[in-house]
Amino acid sequence: MDKLHEIKFLARLERVFTIGVVEIHKAEMKRWFGQERIARRVWREISAYWADIVDEPHRQKLLVGGLEGDNWIFIWGEGNGTTAQSYLQDVRYLAGEATAEGQPIAIPED
């Protein structure tokens with residue numbers, strides 16, 4: 001991700017941190033991350049950025065909704081439950097780092 005795109009993306013995540021919600025268009029995400037589609041690797045990057053912003057692991061639940069469309073909403077999911085069928089999905093789940101319910105998954109060391 002180039003520096004300008006990183007700054008723009010981090011500003012949006014900071015809005016989630018300060019006001020609890022932000023909207024990001026799917027096309028912005030693709031452009032910022034330089035990808036044709038948003039796959040597990042990108043979700044891992046997003047999860048890592050969020051973990052840097054929220055330094056308390058038990059509070060690091062970032063949720064995203066609207067994935068079936070083009071306008072995605074990101075919300076701070078602290079205290080909100082999720083499942084595989086939920087409209088809001090835990091970013092850590094999309095990254096392969098947690099179950100759909102938000103329970104951490106041990107990722108094997110390379």
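Student: Which residues touch the most other members in the largest nonpolar core?

Tutor: Phe9, Met29, Trp43, Ile46 and Phe74 do, out of 24 residues in that core. A nonpolar core here is a set of buried Ala, Val, Leu, Ile, Met, Phe, Trp, Tyr and Cys residues joined through side-chain atoms within 4.5 Å. Buried means under 20% relative accessible area, exposed means over 50%, and partly exposed is in between, with a 1.4 Å probe and protein chains only.

Student: Which element gives the most to this core?

Tutor: Helix α3 does, with six residues. The elements giving two or more residues are α1, β1, α2, α3, β2, β3 and α4. Helices (H or I, at least four residues) and strands (E, at least two) are DSSP runs, numbered from the N terminus.

Student: Before going on, what sort of model is this?

Tutor: The model is predicted: local features need pLDDT of at least 70 and side-chain atom pairs count only at pLDDT 80 or more, while totals for chains, interfaces and linings use all residues. Residues are numbered from 1 along each chain as its sequence is written, and side-chain values use heavy atoms, with hydrogens and water left out.

Student: Now α3. Which of its residues are buried?

Tutor: Val42, Trp43, Ile46, Ser47, Tyr49, Trp50 and Ile53. Seen down the axis of α3, the buried residues fall within an arc of 160°, so they line one face of the helix. The arc is that of the directions from the helix axis to the C-beta atoms.

Student: And what covers them?

Tutor: The cover on the buried residues of α3 includes α1 (3–19), α2 (26–33), β2, β3 and α4 (91–94).

Student: How far apart are the end C-alpha atoms of α3?

Tutor: They are 20 Å apart, in agreement with the 20 Å that the 14 residues of α3 (residues 40–53) should span at 1.5 Å a residue. The expected span is 1.5 Å times one less than the number of residues.

Student: Which residues of α1 are buried?

Tutor: His5, Glu6, Phe9, Leu13 and Val16 are the buried ones in α1. They cover an arc of only 100° around the axis, which puts them on the same side of α1. On the other side, Lys3, Leu4, Ile7, Thr18 and Ile19 are exposed.

Student: What do the buried residues of α1 pack against?

Tutor: They pack against β1, α2, α3, β2 and β3.

Student: Change of topic: in what order do the strands come in the sheet?

Tutor: The open sheet has four strands in the order β1-β3-β2-β4, with antiparallel pairing. Its edge strands, β1 (21–25) and β4, each pair on one side only. The twist from one strand to the next averages 30°. Two strands pair if DSSP finds at least two bridges between them.

Student: Over how many bridges do β2 and β3 pair?

Tutor: Four, in the antiparallel sense, with β3 covering residues 71–76. The two strands form a hairpin with five residues between them, and Gly66 in the turn has a positive phi of about 85°. Strand β2 also pairs with β4 (residues 88–90), antiparallel over three bridges.

Student: What stands opposite Gly65 in β4?

Tutor: Leu88. In β3, the bridge partner of Gly65 is Ile73. Val64 stands opposite Gln89 in β4.

Student: Which way do the β2 residues point?

Tutor: Leu62 and Val64 point one way from β2 (residues 62–65), Leu63 and Gly65 point the other way, and all are buried.

Student: How does α3 run relative to β3?

Tutor: At about 35° to β3, lying across β2 and β3. Axes are lines fitted to C-alpha atoms, for helices over the stretch in contact, and angles run from 0 to 180 degrees between N-to-C directions.

Student: Last topic, the loops. Is Gln60 buried or exposed?

Tutor: Gln60 is buried, at a relative accessible area of 16%. Gln60 sits in the loop between α3 and β2. Not counting residues up to four places away in sequence, Gln60 touches Trp50, Ala51, Val54, Asp55 and Arg92.

Student: And Gly34, buried or exposed?

Tutor: Exposed, with a relative accessible area of 57% for Gly34. Gly34 is in the loop between α2 and α3.

Terms used. Contact means heavy atoms within 4.5 Å.
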